[in-house]
Amino acid sequence: MFKKSEKSDRKSVPVWPFLIVGAIIVITVLVIWAYNDKMAYKKSGEALGPVAASEETGNLEENVYYGVDENGKLLTKETANPELYVFEYADYQCPHCGTTFPFMSSLIDEYHGRVALVFRTFIMSYHQHGNAATKAVNAAGMQGYWHEMAMVLFEKQSEWAITEGNAGAITAATFSKKLDEYFKEASNGKGDLDKFHEDMKTEAVQKKIEYDLSIVHKLGIKGTPTFYIDGKDTNFTSVEENGFKDTFRKAIDKALSK
């Protein structure tokens with residue numbers, strides 16, 4: 001006699017709770033990894049001073065401003081001995097960056113080599129000339145004029161940095177011509193313009209941009225300008241010169257006193 005097949009009384013277990021738990025575990029692991037990566041970076045020497053040139057940076061040194069000595073003479077890597085580095089993450093087309101960069105440079109001058117500024121770029125996607133401007137400054141830096149070129153670009157923002165779609169915005173071709181003018185001014189006519197053009201196109205310059213952006217992502221920076229002092233994000237509320245300098249002078253003095 002054939003037996004009829006018996007259906008199991010057990011109900012099938014739904015899969016979705018396991019999927020939810022699995023997703024939560026994955027997200028938690030990713031969050032912990034990102035946090036630890038950020039903390040590891042902050043605790044590393046890389047967060048407290050400029051990194052050495054490497055393949056990761058396109059074999060380019062960091063853009064560092066060392067200020068001036070007591071006699072007003074420009075200091076260099078060889079003549080300065082910084083006890084503290086201020087890190088700035090900025091975009092050359094950012095209006096507030098243009099306002100505060102001269103203030104920070106002037107503040108660095110006050111310390112006569114005890115404090116230096118490390119400048120890294122964080123290009124906003126909606127700034128149509130941000131990438132070209134960054135390449136130009138890095139290329140100028142390869143001839144020793146990064147700070148001078150940065151100052152000129154920031155000082156002349158009103159000529160080129162108007163956002164696309166607004167009255168007064170310029171084309172990429174027009175901006176390219178202006179970059180030539182700015183480089184001549186920054187180098188006081190001593191720079192090699194042909195080399196400047198070639199260096200802007202190099203993989204080295206592009207890698208430096210990508211390196212800066214990788215640090216921005218590690219630190220979770222969201223806007224420009226952002227300043228780090230002694231491994232900490234230093235908030236400021238004023239872009240007026242006296243208020244800005246007062247905020248950062250206090251933060252610098254506190255870090256130096258440790």
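Is histidine 112 buried, partly exposed or exposed? Histidine 112 is partly exposed, because its relative accessible area is 35%, where buried means under 20%, exposed over 50% and partly exposed in between, with a 1.4 Å probe and protein chains only.

Before I continue, a word on the basis. This is a predicted model, in which local features need pLDDT of at least 70, side-chain atom pairs count only at pLDDT 80 or more, and totals for chains, interfaces and linings use all residues. Residues are numbered from 1 along each chain as its sequence is written, and side-chain values use heavy atoms, with hydrogens and water left out.

Let me begin with the backbone. Most residues other than glycine have a negative phi, and most peptide bonds are trans. Histidine 112, although not a glycine, has a positive phi of about 50 degrees. Its place is the loop between helix H2 (95-110) and strand S3 (115-121); helices (H or I, at least four residues) and strands (E, at least two) are DSSP runs, numbered from the N terminus. Asparagine 188 is not a glycine either, and has a positive phi of about 55 degrees. This asparagine 188 lies in the loop between helix H6 (172-186) and helix H7 (193-200), and counts as exposed because its relative accessible area is 61%.

The peptide bond between threonine 224 and proline 225 is cis, with omega at about -10 degrees. Proline 225 belongs to the loop between helix H8 (203-219) and strand S4 (226-229).

Threonine 234 is buried, because its relative accessibility is 13%. Beyond its neighbours within four places in sequence, threonine 234 is in contact (heavy atoms within 4.5 Å) with Phe227, Tyr228, Ile229, Phe248 and Ala251.

Now to helix H7. At its start, a side-chain oxygen of aspartate 192 comes to within 3.1 Å of the backbone nitrogen of aspartate 194. Phe196, Asp199 and Met200 are buried in H7. Seen down the axis of H7, these buried residues fall within an arc of 100 degrees, so they line one face of the helix; the arc is that of the directions from the helix axis to the C-beta atoms. The elements that cover them include H3, H4, H6 and H8.

Finally, the pockets. On a 1 Å grid over the protein atoms alone, a pocket is an open set of points where a 1.4 Å probe fits, with protein on both sides within 12 Å along at least five of seven lines, and lining residues have an atom within 4 Å of a point. The largest pocket has a volume of about 640 Å³, a volume being the space filled by probe spheres set on the points. Of its 27 lining residues, Glu61, Glu62, Val64, Tyr66 and Trp146 are the closest to the centre. Strand S1 (63-65), helix H3 (130-141) and helix H4 (146-155) each supply at least two lining residues. By class, that lining has 15 nonpolar, six polar and six charged residues.

The second largest pocket has a volume of about 230 Å³. H3, H6 and H7 each give two or more residues to its lining, and H6 contributes the largest share, five residues. Among the lining residues are His129, Lys135, Phe175, Asp180 and Met200.

Note on methods: Ala, Val, Leu, Ile, Met, Phe, Trp, Tyr, Cys and Pro count as nonpolar, Asp, Glu, Lys and Arg as charged, and the others, Gly among them, as polar. A polar contact is a pair of N or O atoms within 3.5 Å; within protein, one must be able to donate a hydrogen and the other to accept it, and residues adjacent in sequence count only if both atoms are side-chain atoms.
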